[in-house]
Amino acid sequence: MRPTIVFARHLQIDGRQFHHGEELAPDLLAPEIIKLNLDRGYLVEVPERRSLFRIFENLTPAERRLYCL
Amino acid sequence: MYDDILMRRPRRGESPAGGGHSTVVAEASAEEARREMDINRATPSRLRPDMLQLKQPVLAADHAEQVARMAKQVYDRGIGFDLAKVQQKLSELFTCLTASDLNARSNRPFDLLRTDLTSFESVLYALVKAGALREINVPLRSTADQFNGIGEDLDAVREILSPADYWKVRRTQPSGVKALYEFNDTFARFIFGKSLITWIQPEDGRIYRRLFASGESSEKVRLLEYWLPTSHYRVLLKNSLCSVLFWLSEEASTPPTSRELATDWFGKRSPSQEDVVLAQSVLDSFLLNLGEWQTWEKVGRAARKECPRHDLELWREDLNKRFPTIRKFYKNVAKFYFKSTLRTFEERLDEPAFRGFISQAIDRLRGCVSEVAGLTVQENSPVDGYPLVGRFRDWLLLTGKPNPKLAELIQRRLAGVFPGGYFRIDLQ
């Protein structure tokens, strides 16, 4: 399961502003940029926090069929 | 030589008669029950709960069958939802959700990174860490009170048991709690919307749920209001609790509206929505005969802020003066729920049984109001254009063109079922 990744400081990437505490939306940044910022400590993985984006992802096949209608 | 004496000596936790601790407890409780039965036998004139007779509505002999038939029709009809609109609303809500998440996190008590705002336990942990729970405005019980079992309700109202109780720490964390409520509301709506979208049948775009014909008033029903399609209209059974209790207690005056009360209490010609909600919750607490601290909690949950107890006391006194029959009614019912206690040799009100009976009786009557209103709609609609698609405790959901005479018809029918009662019906 995809972990909850959160910004640990204010950051500007590709002209887009991210706030401290904000959750990183999936597929928003390239994997190498995410990895780099995780290594720097600008992004952190927080398993104890439920990802809001995962609420949309975690669908059953029937639900997925409905969303695609 | 002393072996037989030692064998006969009771061990620790064992009774002299040879039984264990549980045997002693069982014997003691049986003895207590025997004594209580003796007291009951000796005082045959004592009022018992089974002797209590409340006023009953005048219902048709086949009322239950009619209601069952109506429930089936409502279920079979379902509610039509526009999937595209629900999806659009859902994505808008998600944007609000992420914004309110960030807003709540920027407040002091919550750990910006680690607090999971969707989890009550995580939020409570953050509040505990911030020391907010120490500031709850409920006095601690003295040791003497604890020993004598006095003021047990104080311990109950001091606790934060669900997100509905966050207001108790609002005094110390005003902006944090406000942001938290905003997040919680958005999250609950979002999750309900997500469920709703999965309930829609792809074949006809309708939802078939027992909830729509249940006549209940749960959190789900409150959330459903947000997602209802605009093509429907509602019949509101306004303040049915007040109407039912006025009828039960034979109060002659017309039930007051919360707006009227708010106008009187706050001295404003046009009270705000917050004032109206507060007045309504004070009225409901009075009608349910809640104690001082329970009223404080109920009003706080409804208004999401702490209301001064002095004000609450004044308003309750005002209601007591205006409607003395309500207090008299509860006093008369309570007479049947007094129980003798062996420890102090006095009669005490059996509070849980009394509250349980009252709550059950009121719920049944309010359900009856909703059923009668639903049946009236059914009887006054053409067979091919049955408009009722949802029946809940405080409102009905109808489709099609609103019938302006419907409110009057329901009122007239309710006046027949509850003779002398007054019910306020509105179309919305």
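Q: Where in chain B is the place of B:N239?
A: In this predicted model, in which local features need pLDDT of at least 70, side-chain atom pairs count only at pLDDT 80 or more, and totals for chains, interfaces and linings use all residues, B:N239 sits in the loop between β3 (232-238) and α10 (240-248) of chain B. Residues are numbered from 1 along each chain as its sequence is written, while chains are lettered from A and ligands numbered from 1 in the order in which they are written. Helices (H or I, at least four residues) and strands (E, at least two) are DSSP runs, numbered from the N terminus.

Q: What makes B:N239 count as buried?
A: A residue is buried if 20 or more other C-beta atoms, placed from the backbone, lie within 10 Å of its own, exposed if 12 or fewer, and partly exposed in between. B:N239 has 20 C-beta neighbours inside 10 Å, and therefore it counts as buried. B:N239 also has a positive phi of about 55°, although it is not a glycine.

Q: Why is A:D14 called exposed?
A: A:D14 has 8 C-beta neighbours inside 10 Å, so it counts as exposed. Its place is in the loop between β2 (11-13) and β3 (16-18) of chain A, and A:D14 has a positive phi of about 55° without being a glycine.

Q: Why is B:H63 called partly exposed?
A: Because B:H63 has 16 C-beta neighbours inside 10 Å, it counts as partly exposed. B:H63 is found in helix α3 (residues 63-77) of chain B, and its C-alpha atom is separated by 9.7 Å from that of B:C368, which is 305 residues apart from it along the chain.

Q: What makes α16(B) oblique to α17(B)?
A: The axes of helix α16 (residues 351-379) and helix α17 (residues 406-417) of chain B come within 9 Å and cross at roughly 130°, where axes are lines fitted to C-alpha atoms, for helices over the stretch in contact, and angles run from 0 to 180 degrees between N-to-C directions. Angles under 35 degrees count as roughly parallel, over 145 as roughly antiparallel, 65 to 115 as roughly perpendicular and the rest as oblique, and so α16(B) is oblique to α17(B).

Q: How many residues of chain A are in contact with chain B?
A: Two residues are in contact if their C-beta atoms, placed from the backbone, lie within 7 Å, and 17 residues of chain A are in contact with 17 residues of chain B. The largest share of the side of chain A that touches chain B, 3 residues, comes from α3(A).
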